Amino acid sequence: MDTPEREDRLLIADEFFLIAHNDTRGKAKLHPAATGLGLAAGLLGELTLYGHITVSGGQVSVIDRRPPADALAHTVLDQLIGESQHRAVNVWLSFLAQSATTSVGERLARAGVLRRQESRRLLRTSVSYLPIDLNAVAWPATRLRALLDRPDPPSVPDALLLGLVVAAGLTREVLWSAGPRAHHRLNVLIPALPAPLKELVGHTEAAVGAAVLRGIP
Amino acid sequence: MPSTSTVDRPSNVSEALARGRLGVPSVIFFVLSAAAPLTVVAGVVTTGYGVIGVTGIPLAFLVVAAVLALFSVGYVAMSRRVENAGAFYAYISRGIGRPAGVGAAWVALIAYNALQVGLYGTIGVAAEPVLDRIFGGHPHWSIVALVAWALVGLLGLLRVDINGLVLAALLVAEIVVILVFDLGQLGNPADGQVSFAALSPDNLFVPGVGAVLVLAILGFVGFESAVVFSEESKDPKRTVPLATYLSVAIIAGLYALSSWTMTVAVGPDKIVAEAGEQSVGLIFNLAAAQLGDTAVTIGQVLFLTSVLAAMISFHNTTARYTFALGRERVLPAVFGQTSPRTGSPRAASLAQSVLGLLVILLYTVNGWDPVVQLFFWGGTTGGFGVLLLIATTSVAVIAYFVRHGGETLWRRAIAPGLATIALVVIIWLAVSNFADLLGVAPDSHLRWALPAVYPVAAALGVAWALLLRNNRPDTYARIGLGAASAAAAVRTAEQQAPTPAGAEVSR
């Protein structure tokens, strides 16, 4: 499987986070349930891309136990190894979704892309992650839009990110100005993903849909 | 499936996912708050007495409760094995086949829309006394209905499901008011003596019996939704069945009691005439004489909030149903899209609102009666559709267990078999009594035109499914799976390997 070719590129979950919070004040563009699930899928996707895990038949399997370089990926892999009695993709998506917004936000804060800010309103403390450089946080969405305007197919990590954007219901945020050709490219892109990633995207879309059906924000 | 480790060691995953799991009381609250008891007691039961003219309503609630309890035995057993467990058509597509499933889905869409839109007919009457008290006057029913429509549409789009705590508080208040009213009615019987005449079977097994049974079914709509919480309940094997049976029992007890005490206070011989005359006002007029002004005001305000809550709840149910069908691509994929920021099923919610607006305008322009012709006809026609769905689901449960096995003989065959027989009898009675149900002349075209909507929709749905099977097998494979169809699509695409699944993904 391809590994991300450029080192300066952000990780999948990081880019998803920025697309889902693409706003000058770091406010969410996507409802919390879908954000959490999209980020969780991003984290599992990173491990899949680096060859640590694979997804097949609705199950996650660890295939390489060596620790990944990224600290968060390392934590997630440890959890997967530590709780091997749970293997269903949807269980891991819902579990990781609970903490993904915080953990990915923290990772972006450590990378110097975002700045953590606590605000107290009444008795509740809410944490938000504010952009440090507005161009940097707007970049992933812009980059994806440009990718779809190009005739050559995007790299596997980019295709996965696009797949997760579609699955979480963020298509319009990315494609707001794109023409029919870009929409068409997006449509053929997910079926062309490698099988484990295609399945991950499918499970993410299913989990987001289930959250909407349950009526839980 | 790998064997799970037998050692019972603490698991962060299990623990984190178990947090916030629902117990029996929470699930019952969810189910009952959609049932909106005061809407049924003050609106449906009184109009039912007046329109149908049969005094067997209290007994009908008990009979229907028994049938639904029998039905639930197989239904909850199957719910654990079905994805998209909240929707009847999912059971039908798994049990009888996908074409039947699509037919059922279309029937369900019509039935739930009829139930929701029907409520716009009663909001004007419900708001009348409250507005009178505040402003000393009230506008035409259609103005109130349009305001309510705008509110429901907006909340649906913003996905403001009313806060669970608010709903629970309203529900408890409604039940308390109903019970207080019941006590008032029992304490002031007509002719000075509490009469049990309305509970006599003679009053139920009369020519209008089918109509009364459909009316009773209408009171129970929503009991099926406990299974939605299978995945979020503490112990699906115990929580969901218990919550379902208790919901049916509570609804039956409350409605049978209230509809009986009404006859006690008015007099079993006079209830039909009085209900026909006073309609929705009946129980409030009784309470005014027996309990005083304050109780009436509280009751009227709660009736208004009850109708509003029911509207919002049915709007969301209908929108989610449409959303699930959009996710499966059985309806256009656009219905499966959500608003990113709120996660509301945007297109599905808008479509439901547009239908509501059209119906309100249609009734306003033609000057049709909102209470009987919109609220009552919409409610009973919707209730009849739900009856058809329950009966078909009951057959599907039997068919499913015949093929897949499992469960005890009682759960997989006897209980659903008895329920099916009873439900078919109710349907047969209802069809032959449809004119009584609507309160129209025995030769009115409406007596067959309204129920005929369902077989026509079902036939069209089946035809559509067969078209899908031939032209879009990927979509066909997803039928009945709801949101989970996205994950299933990957599996089927792999099985049918060389066919490019991409041809189908249309967004």
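Two residues are in contact here if their C-beta atoms, placed from the backbone, lie within 7 Å. Welcome to a predicted model, in which local features need pLDDT of at least 70, side-chain atom pairs count only at pLDDT 80 or more, and totals for chains, interfaces and linings use all residues. Residues are numbered from 1 along each chain as its sequence is written, while chains are lettered from A and ligands numbered from 1 in the order in which they are written.

**Chain B as a whole**
- Among contacts between residues at least 6 apart in sequence, 82% join residues at least 24 apart.
- Chain B has 20 helices and 0 strands, which are DSSP runs numbered from the N terminus (helices: H or I, at least four residues; strands: E, at least two).
- Its radius of gyration, taken over C-alpha atoms, is 23 Å, close to the 23 Å that the globule rule gives for 507 residues, so chain B is as compact as a globular protein of that length. The rule is 2.2 Å times the number of residues to the power 0.38.

**Helix α12 of chain B**
- In α12(B), residues 282-290, the buried residues are L282(B), I283(B), L286(B) and A287(B).
- They sit on the same side of α12(B), because they cover an arc of only 130° around the axis, judged by the directions from the helix axis to the C-beta atoms.
- Just after α12(B), G292(B) takes a positive phi of about 100°.

Note on methods: A residue is buried if 20 or more other C-beta atoms lie within 10 Å of its own, exposed if 12 or fewer, and partly exposed in between; C-beta atoms are placed from the backbone.
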